[in-house]
Amino acid sequence: MFLYEKKLQYPVKIKNPNPKYAQIIVSQLGGPDGEIGASLRYLTQRFAMPYDKVVGILTDVGTEELNHVEMVSSILYQLTRSLSPEEIKKSGFDTYFVDHTTGIYPVAASGYPYTAAQFQSKGDVLADLNEDLAAEQKARVTYDNILRLVDDPDVCDAIKFLRAREVVHYQRFCDALGIAQDHMDSKNFYGYNPAFDKVKKQ
Amino acid sequence: MMNNSRERLLKQIQAYDFAVYDTLLYLDAYPSSKEAQCFYNKYKKLSMRAKQEYEQKYGPLTMPEETADWQWTDGPWPWQADERR
């Protein structure tokens with residue numbers, strides 16, 4: 001089960017609201033490579049994972065992603081404090097504002113709402129872990145792109161932390177893939193799916 | 001065959017923690033309820049003691065306190081009901 005800790009994983013302290021930045025960064029909440037999709041991806045995939053160590057990695061990374069959902073939401077909250085209708089209109093934040101005011105709602109930067117169609121839980125060890133590796137790289141690129149568009153040091157500080165975690169998660173999933181492959185038949189990794197075909201006892 | 005005493009202790013912890021969590025929700029709305037406070041304190045203590053015993057015998061329930069003999073990823077995971085016993 002899950003328990004809540006009343007702290008962020010890394011501090012978010014943004015002095016200057018900026019609704020334009022919020023409209024970009026919201027993609028890491030509800031966008032195609034966002035943190036909600038990341039946490040759901042790993043926390044759902046682990047049920048089909050036959051190797052305990054890899055289940056541990058999926059559990060712990062998936063749990064960390066929930067922290068990142070909270071951090072991105074905190075960034076959005078702080079970027080949209082005390083806005084005037086003028087600022088909202090001028091920044092282009094009005095298209096979000098009309099539906100959600102300044103509530104936190106998971107959408108992509110394009111406005112498309114969060115959808116689980118953005119991730120897979122394939123029930124296949126190699127397919128799932130390779131999806132995870134790609135997902136971390138795609139999220140890393142999104143943070144790189146955010147850093148190209150944002151020049152507020154308070155915002156960049158938190159974004160850089162999140163970006164670095166994508167790289168670390170990628171490395172841990174490389175380890176996970178190695179662990180999984182050590183359990184599999186190196187002459188034919190595709191001979192059977194250990195998440196479904198219960199051929200071998202581990 | 002899975003360790004029956006492990007199952008029993010885990011079930012006890014689940015019962016204590018459910019009492020704690022349910023009372024947590026109640027206290028969120030009624031923080032000065034003496035009755036709820038007593039109930040919460042009683043079951044929180046029982047839960048803590050039972051968890052201590054469980055972790056000594058069977059390994060960590062949450063992020064380990066120390067690294068000797070890393071058992072954190074050892075199965076069975078909670079959803080593996082029968083097949084791994």
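Hi everyone. Let's start with a term: a residue is called buried when its relative accessible area is under 20%, exposed when it is over 50%, and partly exposed in between, using a 1.4 Å probe and the protein chains only. By that rule E7(B), at 33%, is partly exposed, while R6(B), at 10%, is buried. These two residues form a salt bridge, with their closest N and O atoms 3.7 Å apart. A salt bridge here means a side-chain nitrogen of Lys or Arg within 4 Å of a carboxyl oxygen of Asp or Glu.

A quick word on the model. It is predicted, so local features need pLDDT of at least 70 and side-chain atom pairs count only at pLDDT 80 or more, whereas totals for chains, interfaces and linings use all residues. Residues are numbered from 1 along each chain as its sequence is written, chains are lettered from A and ligands numbered from 1 in the order in which they are written, and side-chain values use heavy atoms, leaving out hydrogens and water.

Back to the salt bridges: how many does the structure hold over all chains? The count is eleven. One of them joins the side chains of R41(A) and E131(A), at 2.8 Å from N to O. R41(A) sits in helix α3 (residues 35-45) of chain A and E131(A) in helix α7 of chain A, so this pair ties together parts 90 residues apart in sequence. When I say helix, I mean a DSSP run of H or I with at least four residues; strands are E runs of at least two, and both are numbered from the N terminus. R41(A) is buried at 5% relative accessibility, whereas E131(A) is partly exposed at 21%.

Another bridge brings together the side chains of R165(A) and E64(A), at 2.6 Å from N to O. That pair also links distant parts of the chain, with R165(A) in helix α8 and E64(A) in helix α4 of chain A, 101 residues apart. R165(A) is partly exposed at 23%, and E64(A) is buried at 10%.

Now the interior. A nonpolar core is a set of buried Ala, Val, Leu, Ile, Met, Phe, Trp, Tyr and Cys residues joined through side-chain atoms within 4.5 Å. The largest one has 30 residues, and those with the most contacts inside it are I25(A), I75(A), L79(A) and V155(A). The elements giving two or more residues to this core are α1, α4 (52-79), α7 (125-149) and α8 (153-183) of chain A. There is a second, separate core of 21 residues, which includes Y51(A), L133(A), M184(A) and A195(A).

Over to chain B. Helix α1 there, residues 4-29, has 26 residues and reaches 38 Å from its first C-alpha to its last, close to the 38 Å expected at 1.5 Å a residue; that expected span is 1.5 Å times one less than the number of residues. Its buried residues include R6(B), L9(B), I13(B) and Y16(B). They pack against α2 (34-58) of chain B.

Finally, some backbone details. Most residues other than glycine have a negative phi, and most peptide bonds are trans. Which residues does a cis peptide bond join? They are G75(B) and P76(B), with omega about 0 degrees. T101(A), which is not a glycine, has a positive phi near 50 degrees, and T101(A) is found in the loop between α6 (94-100) and α7 of chain A. D69(B) has a positive phi of about 55 degrees and lies in the segment after α2 of chain B.

How values were computed:
Contact = heavy atoms within 4.5 Å.
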